[in-house]
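Here are my notes on the model you sent over. Have it open beside you while you read.

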Amino acid sequence: MNPCELTASVTALANLIAAKLDEDELAVMASIFVQLGDTLETIAAQRALCCNKKNQ
């Protein structure tokens with residue numbers, strides 16, 4: 001999947017999710033996905049750090 005297809009897919013998914021939720025539910029889901037993204041980024045950074053230390 002190229003970058004344009006990926007972003008279009010994510011946008012379509014966001015629209016599908018948002019259509020089913022009220023404002024409060026949408027705010028909670030947005031917070032959950034932000035936390036999920038931040039946590040995945042933290043895990044990726046930690047893995048990179050550990051991998052770099054092993055290779056030194």
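1. Ground rules. This is a predicted model: local features need pLDDT of at least 70, side-chain atom pairs count only at pLDDT 80 or more, and totals for chains, interfaces and linings use all residues. Residues are numbered from 1 along each chain as its sequence is written, and side-chain values use heavy atoms, with hydrogens and water left out.

2. Helix 1. This helix covers residues 3-19 (helices are DSSP runs of H or I with at least four residues, numbered from the N terminus). Its 17 residues reach 24 Å from first C-alpha to last, close to the expected 24 Å (the expected span is 1.5 Å times one less than the number of residues). At its start, a side-chain oxygen of N2 comes within 2.9 Å of the backbone nitrogen of C4.

3. Helix 2. Residues 23-54 make up this one. It has 32 residues and spans 47 Å between its first and last C-alpha, close to the 46 Å expected. At the start of helix 2, a side-chain oxygen of D22 lies within 3.1 Å of the backbone nitrogen of D24.

4. Nonpolar patch. F33, L36, L40 and I43 form a nonpolar surface patch with about 370 Å² of accessible area together. Patch members have over 30% relative accessible area and no salt bridge, and nonpolar side chains are joined within 5 Å (a salt bridge is a Lys or Arg side-chain nitrogen within 4 Å of an Asp or Glu carboxyl oxygen). L36 sits in helix 2 and is partly exposed, at 43%. An α-helix has 3.6 residues a turn, so residues three or four places apart point the same way.

5. Distances to E5. Q46, in helix 2, is partly exposed at 45% relative accessibility. Its C-alpha is 29 Å from that of E5, 41 residues away along the chain. K53, also in helix 2, is exposed at 58%. K53 and E5 are 48 residues apart in sequence and 35 Å apart in space, C-alpha to C-alpha.

Technical notes
Patch = residues over 30% accessible without salt bridge, like charges linked within 9 Å, V, L, I, M, F, W, Y side chains within 5 Å. Areas by Shrake-Rupley, 256 points an atom, 1.4 Å probe, with all protein chains shown as cover. Helix = DSSP H or I, 4+ residues; strand = E, 2+ residues; numbered from the N terminus. Buried < 20%, exposed > 50% of the residue type's maximum accessible area, 1.4 Å probe, protein only. Polar contact = N/O pair within 3.5 Å; in protein donor to acceptor, adjacent residues only side chain to side chain.
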